[in-house]
Each structure stands twice: as C-alpha cells, then as structure tokens.
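Student: Could you take me through the aromatic side chains here, and the strands that carry them? I would like one connected look at that part.

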Amino acid sequence: QDYPVVYLKQLNVTTCQNTEQGIRVTWQTVSGANAYEVYFKRKGIDAQWKAFGGATLSPSVTTASMTLKLDDSDPDGQEYELAVRAVSVADGNTFISYLPESGYSIVRLSMPVINKTVNTVQGVHIYWNKKAGHVAGYRVYRSQTPSGNYTKIGVTTGTDFTDKTAV
C-alpha cells in the first residue's frame with residue numbers, strides 16, 4: 001500500500017504585536033498546509049511549547065494571523081516566545097511541520113490606564129502611569145466614541161501627551 005507523503009516547510013512568525021485583545025501573531029502560509037497551530041512558551045517559566053490554538057485556512061491564503069488572548073494572571077513585562085506549525089490532513093493522514101527550538105520573542109504589555117486629563121489652550125493633556133517592563137514608548141490613539149474607530153495621533157516616550165487635534 002502506498003502512503004501519501006506531504007513535506008511541510010518549518011514556519012517562521014513574521015510579526016507579533018500587542019493589541020488590546022492580546023498578542024497578534026502573523027505568519028506566511030506554506031504550500032500543502034490546510035491548517036496551522038500556534039504555540040507559546042513563557043520565558044523563564046515554560047521549558048516546552050504549549051499549544052494555544054489553531055486556524056483552518058483556505059489554500060489560497062498567503063498570510064495568516066491569530067490573536068492570542070493570554071492568561072490575565074501573567075504579569076505585564078512577561079516575555080513570550082511564539083511559533084506556528086503547519087498541518088496537512090490528506091487521505092485520513094495528518095502531517096505536521098517541525099516546531100523551532102526557539103520562537104519569535106515579544107513582551108506582553110497591557111494598555112496603560114489614563115489617570116488624568118486636563119483641558120488647556122494647546123489641547124487636551126493626557127496623563128498615565130509608567131508601565132513596568134521593557135517599555136520603549138507609547139502610541140497614543142483617539143476616537144470620538146469609546147466603541148468607535150481609533151486613530152493614532154502621536155507617539156511619546158513619556159507618560160503624558162497633549163492632543164492638539166481635540167476639539
């Protein structure tokens with residue numbers, strides 16, 4: 001009896017970014033795969049990869065992404081390694097790509113809480129507390145409503161910002 005053989009290239013995560021919903025992981029899809037599994041390790045805590053979840057995609061998709069909603073008990077500043085494995089199911093057989101020894105590193109950062117706003121002649125001055133961990137800066141976004149679309153209005157390395165576009 002002939003057994004099918006499917007060769008799946010080892011995947012690399014192309015980008016990771018902190019979002020309000022969790023860490024968004026993006027990767028390039030590979031030929032022959034019809035599903036993907038996302039794995040993570042907490043640096044200094046987990047020795048082995050842990051499966052987070054999977055995504056079944058159309059073969060025509062070339063870039064894929066998934067948002068990991070992480071355990072709230074993990075503190076800000078926790079470093080994660082992320083990896084993705086390709087899966088192919090053909091004729092009742094499952095083929096998987098290898099997981100790398102180490103993955104894409106990202107530090108978990110939650111959104112800071114605004115603790116003060118002041119209307120000034122220059123605009124609205126916003127204040128927040130410094131986040132613990134490896135914070136290089138803050139991106140500031142604004143929306144007309146809490147559930148509306150947010151637009152980036154600036155970047156700062158401090159813990160305050162003046163929104164000069166506020167009306």
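Tutor: Rings of Phe, Tyr and Trp (for Trp, its six-membered ring) count as a pair when their centres lie within 6.5 Å; planes under 30 degrees apart are called stacked, over 60 edge-to-face, and the rest tilted. Please keep in mind that this is a predicted model, where local features need pLDDT of at least 70 and side-chain atom pairs count only at pLDDT 80 or more, while totals for chains, interfaces and linings use all residues. Residues are numbered from 1 along each chain as its sequence is written, and side-chain values use heavy atoms, with hydrogens and water left out.

By that ring criterion, the structure holds four aromatic pairs. One of them joins Phe 40 and Phe 52 edge-to-face, with 6.4 Å from centre to centre and 75° between the planes. Phe 40 belongs to strand β3 (residues 35-42) and Phe 52 to strand β4 (residues 50-56), so this pair links distant parts of the chain, 12 residues apart. Strands here are DSSP runs of E with at least two residues, numbered from the N terminus. Phe 40 is buried at 14% relative accessibility, whereas Phe 52 is partly exposed at 30%; buried means under 20% relative accessible area, exposed over 50%, and partly exposed in between, using a 1.4 Å probe and protein chains only. Together with Tyr 80, Phe 40 and Phe 52 form one aromatic cluster.

Now to another pair. The ring centres of Trp 128 and Tyr 138 are 5.4 Å apart and their planes stand at 65°, so this pair is edge-to-face as well. Because Trp 128 lies in strand β10 and Tyr 138 in strand β11 (residues 138-142), the contact ties together parts 10 residues apart in sequence. Trp 128 is buried at 8%, and Tyr 138 is buried at 7%.

Strands β9 and β10 (residues 124-128) pair in the antiparallel sense over five bridges; two strands pair if DSSP finds at least two bridges between them. The open sheet has three strands in the order β9-β10-β13, with antiparallel pairing. β9 (114-119) and β13 (160-163) are at the edges with a single partner strand each, so one side of each has no neighbour in the sheet.

Finally, look at a charge over a ring: the charged end of Lys 116 sits over the ring of Tyr 127, 5.2 Å from its centre. The criterion is NZ of Lys or CZ of Arg within 6 Å of the ring centre and within 35 degrees of the ring normal.

How values were computed: Helices (H or I, at least four residues) and strands (E, at least two) are DSSP runs, numbered from the N terminus.
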